[in-house]
Amino acid sequence: MVIEKTDLTKTHPAYYKAQRTPEIVDLEPYYYLSVSGQCAPEDRQFLDAIEMLYAVGYAIKFDYKAQDLDFVVPKMECFWWIEGGVESQEAFEQAPRESWCWKIVIRMPDFVEHLSYFRAIQAVKSKKPEMEEIEQVKYELINEGMSAQVLHLGSYEAESPTISRLFQFIQGQGMKIGGYHHEIYLSDPRRTPVEKLKTIIRYAVTND
C-alpha cells in the first residue's frame, strides 16, 4: 500500500500563497525547526546553517516515514533584521551585510513531536559528526498572528519596491510592523531563472 506524503503546501495552502497586491492574513502558531546567526547570506556560516537545518529536517522525515507518516520537507523560510532596525527597510539595506541577523526556519507538520526532534539531533550527530554545531538547530513555536504579506517576483536583491508597497499598505491600514522581515522561498534558486523567483514577504503587524 502506498502511503501518501503530507505536503503542507496542499494541506495548508493559504500559508504558502500570496498575491501581488498586499493583504492581511491571520496566522496560527506553528512549530518550526530553526537556526539563528549573524552574517551575510553568502557567508559559509549561513550556508552551513541551511545544511544543518535540512539534515535535521530529513532525519525527522525518515523517522516518521518509518511510522507510515511520511511528509514532504517544507520550503525554507527566513526572518531578517538588524539590531534596532525592525521597522526600517532602509536601515537594513544600508547596514553592512555581515551585520545582518537571521533565523532560518522550516515549518513542521502538526504531528511532529519534540521527541522526534531529539532523536533527529542524535541521528545527525551519529551520521555526520562533522556537524559539530548541530545542536544550534532548535524546535520552537512561532506565533506571528495577524500579518501583512505580498508576493515578490524576481531577484532577492530587487525586493525594495515590493517592500515599500507593503509598508505603504500597512500604514494605510492604520497598523504598525510588529515583527521581523519574513521571507518564504517558494522557488528553488538553483533551478529557477532569477526573473521567475517567487518569494512571499510577510510582516507581523499590530493595530496602530
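In these legends, a residue is called buried when its relative accessible area is under 20%, exposed when that area is over 50%, and partly exposed in between. Keep in mind that every view comes from a predicted model.

**View 1. Four glutamates make a negative patch on the surface.** Here you're looking at Glu 51, Glu 130, Glu 132 and Glu 133, which form a negative surface patch. Let's pick out one of them, Glu 132, which sits in the loop between α4 (114–127) and β5 (138–142). Is Glu 132 buried or exposed? Its relative accessible area is 73%, and exposed means over 50%, so Glu 132 counts as exposed.

**View 2. Now for the nonpolar core.** Nonpolar side chains tend to be buried together in soluble globular proteins. In this model, the largest nonpolar core has 36 residues. Look for Leu 33, Val 56, Ile 60, Ile 104 and Val 137, the residues with the most contacts inside this core.

**View 3. A glycine sits in helix α2.** Gly 57 has its place in this helix. With a relative accessible area of 0%, Gly 57 is buried, because buried means anything under 20%.

View 4. Side chains of opposite charge can pair when their charged atoms come close. A search of the whole structure turns up eight salt bridges, and one of them brings together the side chains of Asp 63 and Arg 119, at 2.7 Å from N to O. Asp 63 belongs to helix α2 and Arg 119 to helix α4, so this pair links distant parts of the chain, 56 residues apart. Arg 119 is partly exposed, at 38% relative accessibility.

**View 5. Lys 103 and Glu 140 join two strands.** The side chains of these two residues meet in a salt bridge, 3.0 Å from N to O. Lys 103 is in strand β4 and Glu 140 is in strand β5; the pair links distant parts of the chain, 37 residues apart. How accessible is Glu 140? Its relative accessible area is 21%, which makes it partly exposed.

**View 6. A loop is tied to helix α4.** Glu 135 and Lys 125 meet through their side chains in a salt bridge of 2.3 Å, N to O. Since Glu 135 lies in the loop between α4 and β5 while Lys 125 is in helix α4, the pair ties together parts that are 10 residues apart in sequence. Both partners are partly exposed: Glu 135 at 44% relative accessibility, and Lys 125 at 34%.

**View 7. Three charged residues form a network.** Asp 188, Arg 190 and Arg 191 are linked by a network of salt bridges.

**View 8. Last, two spots in loops.** Tyr 15 is in the loop between α1 (8–11) and β1 (23–26), and at 2% relative accessibility it counts as buried. Asp 68 is in the loop between α2 and β3. What's the phi of Asp 68? It's near 60°, a positive value in a residue other than glycine.

Notes
Residues numbered from 1 in each chain as written. Predicted model: local features only at pLDDT ≥ 70, side-chain atom pairs only at ≥ 80, totals over all residues. Heavy atoms only, no water. Patch = residues over 30% accessible without salt bridge, like charges linked within 9 Å, V, L, I, M, F, W, Y side chains within 5 Å. Areas by Shrake-Rupley, 256 points an atom, 1.4 Å probe, with all protein chains shown as cover. Lys, Arg positive; Asp, Glu negative; His and termini not counted. Charge placed at Lys NZ, Arg CZ, Asp CG, Glu CD. Buried < 20%, exposed > 50% of the residue type's maximum accessible area, 1.4 Å probe, protein only. Core = buried A, V, L, I, M, F, W, Y, C linked by side-chain atoms within 4.5 Å.
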